[in-house]
Amino acid sequence: MLEILGYYNYWVFALVLMIGFYAVVARGNLIKKLLGLSMLQSAVFLMYITLSKVEGATAPILQKGVEDQIYSNPLPQVLILTAIVVGVSTTALGLAIVVRIKEAYGTIEEQDILKASGP
Amino acid sequence: MNITPHLPALQVVVPILSAPIVLLLRPKGMAWAMTTVTSLMAFCIAIAIVSGVQQGQVFNYLMGSWSAPYGIELSIDSFSAIILLVVTGASALVLIGARRSIDAQIESHRQPFFYAAWLLVLSGLAGIVVTGDAFNIFVFMEISSLASYVLIAGGPDRRALPAVFKYLIMGTIGATFYLIGIGLIYIMTGTLNLADMEVRIHEVADQSPVLLAAGFITIGLALKAAVFPLHLWLPNAYTYAPHVVTAFLAACATKVALYVLIRFDFFVFQQNLSGHDLQFSYFMIPLALLAALVASSMALFERNLKCLLAYSSVAQIGYIVLGASLVTVAGLTASIVHIFNHALAKGALFLAVACLAIRLSSTQLTDIAGVARRMPWTMAAFVLAGLSLIGVPGTAGFISKWYLITAVLAKGAWGIALVFIIVISSLLAVVYIWKVIEQAYFREPQQANGAVREAPLELLAVTWVAVLANIYFGFYPAIPVSLSSAAAELLLGQMPQ
């Protein structure tokens, strides 16, 4: 039981991932879909940050006079910085498309857009 | 200075640095000229790389001289070389003929943005192919995807917007799944370099995070590659995109995702996970066959020419997946040759559609009635490219079908059943191509088409270059076949047979 709880970061990752995924699939409102997509991506950020953590370690910054210090792995943090940038640009582009959909169709509900597009 | 060792980096750097410059080129036509020249340069670099690879040269480029696996390594083998040729060739060829079609569809003040996005797609796709680093692939994949959303949404048709939104959602989910997959592999191996991963994953193979990673990566990339039934974004995105964008993306965007799928699976997983080859076959072969049958049948009932061809793309992706999922050298060769040949055939078809669209009001089948009398050269190009798509002897499409059927037959008894399905799907292709031919050649032209004349010369010229390439590679398939078989042997090289 404790072993399972010890991985709680990963449980939260899976939970947030699924909540985001559900919102993307189940919601008809385009903005809500994008919110879900953002959550989906944030969950992955959480996973990467978790995997870089080393128990008893500090931030990976070299200091004079400090030796034998354990550092957290900086690589996943750098990777996820890049992935955050990708996520932000995806959301921005998605919102821009939603604005143009609103201009062209007058609605951001998926059902109404389908109706307006016709067969 | 010898420039040859720097070619892999230049392949990405040239278009990505030109993109912001293109943004500043306001005078009419300048943005197009700069983009075309850049794209031609990228094509020349790709040709130089291919000739180097064919002479047995290996390109390994350490970015910033950081030694692998710590730094990012660019590595090119024969598999990457043939895909580079497809991507840069398609971009250069389409751009040369694209100017008037783009003028007709996109306002001139938005054109610099459009061309800049085009160059970003090109550099992203080239980057995916040259890099040897798993995370780098993700970054380039998102560069090319985000830019291609912009290209698709650039057209005048408002229906492109919901289509591109769907593509954005599905594409991002695919990329995120891929990201989860490499995260899990990084947990287990501590490396992102594909060559290093291949060695290190051996010790931890068959542990659940690695298996989970294999699942996430396969599904994520299958979403990007529009493998049936994850193809839902593709038909509408291709249909409502600007015509030349469809020609460019149909030729290479999904192919590059398939390239990553095949490379990742065969490089990292196949030789290390026990029983993975069977799991891969049993999972992928049914999907590939369904793609060939269902998507071809959907194409039969489509009333829009571009949508018809888009469904046919889904079916052709099925063939490519089928070849790869046989997990034999012959199957992989067939699959890679078909990536090349399908890009030729579908690129030529969509270019012919762009020719039609520039003179006609729409791409609905009913609107092209009798158009062959007004645009004989365009329709002749369409027919020849269509024959290549079907796989008639003497065209490039025949070569890859031949390799595919040979590879499938080597599988024994149930191979015959597979051949049967391939033949049925090819017959369906005959029917839907014939539907277009019948409309264009044997129906009475509508009144509105009275003033229609032949398409602009440069667009027609590039269409015919693509068509002639189809015929040339149908008779002299040495270049794609030698590269593909070398690639297949490389990918399956260390497999226990």
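**Notebook: pockets, a core and a histidine**

I began with the second largest pocket, where H3(B) gives the most to the lining, eight residues. This is a predicted model, so local features need pLDDT of at least 70 and side-chain atom pairs 80 or more, while totals for chains, interfaces and linings use all residues. Residues are numbered from 1 along each chain as written, chains are lettered from A in written order, and side-chain values use heavy atoms, without hydrogens and water.

I noted what a pocket is: an open set of points on a 1 Å grid where a 1.4 Å probe fits, with protein on both sides within 12 Å along at least five of seven lines; lining residues have an atom within 4 Å of a point. Helices are DSSP runs (H or I, at least four residues).

I looked up who lines the second largest pocket: 24 residues, with Phe43(B), Leu85(B), Gly89(B), Ala90(B) and Leu344(B) nearest its centre. I found 21 nonpolar, three polar and no charged residues there.

Next I checked the largest pocket. I read 37 lining residues, with Leu114(A), Ala163(B), Lys166(B), Leu232(B) and Asn236(B) nearest its centre. Here H6(B) gives the most, eight residues. I sorted this lining into 24 nonpolar, six polar and seven charged residues.

Last, I turned to His342(B), which sits in helix H13 (residues 329–359) of chain B. I put His342(B) down as buried because its relative accessibility is 2% (buried means under 20%, with a 1.4 Å probe and protein chains only). Beyond neighbours within four places in sequence, I saw His342(B) in contact with Lys255(B), Ser313(B), Gln316(B), Gly347(B) and Leu389(B) (contact is heavy atoms within 4.5 Å).

Terms used:
Helices (H or I, at least four residues) and strands (E, at least two) are DSSP runs, numbered from the N terminus. Buried means under 20% relative accessible area, exposed over 50%, partly exposed in between (1.4 Å probe, protein chains only). Ala, Val, Leu, Ile, Met, Phe, Trp, Tyr, Cys and Pro count as nonpolar, Asp, Glu, Lys and Arg as charged, and the others, Gly among them, as polar.
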